[in-house]
Amino acid sequence: MLEIIGNIFNNIYIMLFIAILYFLLSKLNVDKRNIDRKISILNTFLFILMFTDVNMIIIYFLYLASTFMYLEIITLEKFEKELIKEPKFLLLDYLYKMIINYGALYMFFSYLFYKCFKLPFILKLLISFYLAFKGIIASLNNDFETYSFNEIYEKVNSVMKFNMFNINYKLEMFSNMLLYKEDKSYFIRENSYNLLSLEFLYYRLKRCYDNYKYNSKLSKFRKIILLFRDVCIHTFRFIYINVKKLFKYFYFKIRNKFSFKKKYIKLTRGYSTIEMQLIRTLAVKDGYNKYPIKRKIFELIYSYIFFNCLNEYYRYIGYMSYFDDNSKFKYYLIYLYIYFAPVKINGKMYNNIFELYNKESLYDISYEEFFVWTLGLSFKPIDYDIIGYKTVEWAGLDKKELLLIVDKFQN
């Protein structure tokens, strides 16, 4: 027994793992700045170890294991432990934190350049040092801040607890108007919450197919060819628009390095589901415009994690049966979206629909007022042309009432 204990203490890797855990847990004060500083120091230590004779594969394994335990087990709040039960969500949460917040990929590529690339020593050293420095600074100056799941849940409950929520006709009409404008795939995606899903892919393919479904003049082969063409066009358009915006973003980022006047470029609005828009409104605390790429990644990942976990949590505590479908939950998310979504009307920002109309209850808002609010979500100009929109006829809106609302926003 003593021999086994002695072997453990003589093993440098086991001792290193214990030392890392001790460092992370020492004077445990679980707040964002404290965690950032500790991970930053750990990244510095990892870089120094690259120049020793230790096996870096084992070191990286210890680094990942200890940080996973620290971030996903030890420092999680009580509610977050109740909410995130499935290992895949914990792993996804961990990967996001380490790659986006704490520069883990910078540290990995720093090691890769130094150990694996056949380059002049000075060049390898400079590149490796630069990448490690980026990783250390990324973890230390993590300015893209988000609220914890516990804080998001408290914000949600402050509006309406799920067990108190009911669907009525007016909410259904509001939902139809909103989804017609913002996210037609919403109810088709019964069990998914972002555009990286088979349900969303099915929706896009079906939309393309429906363009030719009832055209009897086209053969089946011709329909398939046209479907393939439309899918390619939509895919290319999506890639083109976002790549163009990315280049523009990096252009301004480089220009800002040499200019006192900073300018932040927003990525394309659109290609976001209702859930993605809702999670960014609820969760992003700081750095919304400054870090658009981080924000987009956050939307994709945490719309998937949070809403899946919240749905499961409501079933677990008895607010929904495991045999119920997701329709009530989906309407609940729309209800929250309406309460939290900010709008811009003719250049002026409003925090929500209630600030826009100076009303306290959602059901005091008319259909015409709601329609104008939906236009403000995409910052469209509010003028007299809106009475010609398809939604006005489809929803049977009162054009005179619309014109009166438009008058209020003309000055």
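**Close-up views of a predicted model**

View 1. Helices α6 (87-101) and α7 (104-116) each contribute at least two residues to the nonpolar patch, where helices are DSSP runs of H or I with at least four residues, numbered from the N terminus. The structure is a predicted model, in which local features need pLDDT of at least 70 and side-chain atom pairs count only at pLDDT 80 or more, while totals for chains, interfaces and linings use all residues. Residues are numbered from 1 along each chain as its sequence is written, and side-chain values use heavy atoms, leaving out hydrogens and water. L91, L95, I99, L105, F108 and F109 make up the patch, about 500 Å² in area (residues with over 30% relative accessible area and no salt bridge, nonpolar side chains being joined within 5 Å; areas are from the Shrake-Rupley method with a 1.4 Å probe; a salt bridge places a Lys or Arg side-chain nitrogen within 4 Å of an Asp or Glu carboxyl oxygen).

**View 2. The largest nonpolar core****.** This core has 76 residues, of which Y314, I338 and W373 have the most contacts inside it (buried Ala, Val, Leu, Ile, Met, Phe, Trp, Tyr and Cys residues joined through side-chain atoms within 4.5 Å; buried means under 20% relative accessible area, exposed over 50% and partly exposed in between). Helix α15 (residues 327-340) gives the most to this core, with 11 residues.

**View 3. The setting of S148.** S148 lies in the loop between β1 (145-146) and α9 (149-159), and is buried at a relative accessible area of 16%. Beyond neighbours within four places in sequence, S148 contacts E77 and E80 (heavy atoms within 4.5 Å).

How values were computed:
Buried < 20%, exposed > 50% of the residue type's maximum accessible area, 1.4 Å probe, protein only. Patch = residues over 30% accessible without salt bridge, like charges linked within 9 Å, V, L, I, M, F, W, Y side chains within 5 Å.
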